[in-house]
Amino acid sequence: MAARLLPDTALQALGRWWDRNRAEFADGSPGTHAVRYAPSRWGHITPWPSALASASHRGDAEVSRAQVASIVTEALRREAYREALVATYVWGKGKRGSRRGSGPAILDKILSAGYLDAALERAVTTLSEQGAEAAYAGLQGLVPEFGPSFYTKFLYFAGKSVRSASGPQPLILDQVLAQQMRCLAQAVGRETGHDPDGSIASWVWRDANWSPHRYAVYLSFIQAASRQASATPLWPSDATPDLLEYALFSTSWT
């Protein structure tokens, strides 16, 4: 995959996605990508970032990637790591999973871990001193209920203000993106004959619990694929890697 990157079918699908979304993401980044959430469902969660809508807010509210990045930057400045986590988790869940309280209930369990502050602080420090792969490794399996689909969101937003010591900046990796990577890997495996039935790709890009090495491979792939797409007329030349991450999350090329 490192050599083949995105096949033509994927590039064409990305081009169609860009045609539909170029007005919203004119600056080449997904900063305006917003999710809706119901503040009242998260009313018992503390610490609650003041920049999010109050729990007394009626109905739904929206929060964008750019707004979450700003909340996290300010929270990290104050070493308010739990507040940063809450902002990224609420954005990540949105209204999905919030019915019957499952989103807030899981977050409550994560926040109950007494060593959470130290774990998050160490992850941010590791990101700045060693890089995204090491920061990912430090969080893997550490806090019950806090899996990579959500701690990569924390690392992604932390990376907006904390530079990775080496290698690419952190990006979000969740089940949907892993499925996209699996489809890409299966296509390459069939084409090259190295994985004709796709079984290796299915194991490597399973739905959860990706190894730190696999996360590093993912980051390198997205960086290289972003450059590949930007070299074509189908994709903006100034696009950031996280725009590609969001587009892959949002569209199907198969």
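A residue counts as buried under 20% relative accessible area, as exposed over 50%, and as partly exposed in between (1.4 Å probe, protein chains only). Keep that in mind as we tour this predicted model, where local features need pLDDT of at least 70, side-chain atom pairs count only at pLDDT 80 or more, and totals for chains, interfaces and linings use all residues. Residues are numbered from 1 along each chain as its sequence is written, and side-chain values use heavy atoms, with hydrogens and water left out. Helices (H or I, at least four residues) and strands (E, at least two) are DSSP runs, numbered from the N terminus.

- Among the buried residues of H1 are Leu11, Leu14, Trp17 and Trp18.
- The buried residues of H1 pack against helices H8 (175-192), H10 (212-230) and H11 (241-250); contact here means heavy atoms within 4.5 Å.
- Helix H11 is largely enclosed by the rest of the structure, because seven of its 10 residues are buried. They include Leu243, Leu244 and Ala247.

**The nonpolar core**
- A nonpolar core is a set of buried Ala, Val, Leu, Ile, Met, Phe, Trp, Tyr and Cys residues joined through side-chain atoms within 4.5 Å.
- The largest one has 85 residues, of which Phe146, Tyr218 and Trp235 touch the most other members.
- Leaving aside neighbours within four places in sequence, Trp235 is in contact with residues including Leu14, Trp17 and Trp18, as well as Leu243, Leu244 and Ala247.

**A pair of strands**
- Strands S1 (residues 34-37) and S2 (residues 61-64) pair in the antiparallel sense over four bridges; pairing requires that DSSP finds at least two bridges.
- Val35 and Tyr37 form the covered face of S1, while Ala34 and Arg36 form the uncovered one.
- Arg36 has Glu62 of S2 as its bridge partner.
- The C-alpha atoms of Arg36 and Gly92 are separated by 10.0 Å, although these residues are 56 residues apart along the chain.

**Backbone details in the loops**
- In the loop between S1 and S2 you will find Pro47, which a cis peptide bond joins to Thr46, with omega about -5 degrees.
- Glu145 has a positive phi near 75 degrees without being a glycine, and at 47% relative accessibility it counts as partly exposed.
- Asn209, also not a glycine, has a positive phi of about 60 degrees; its place is in the loop between helix H9 (199-204) and H10.
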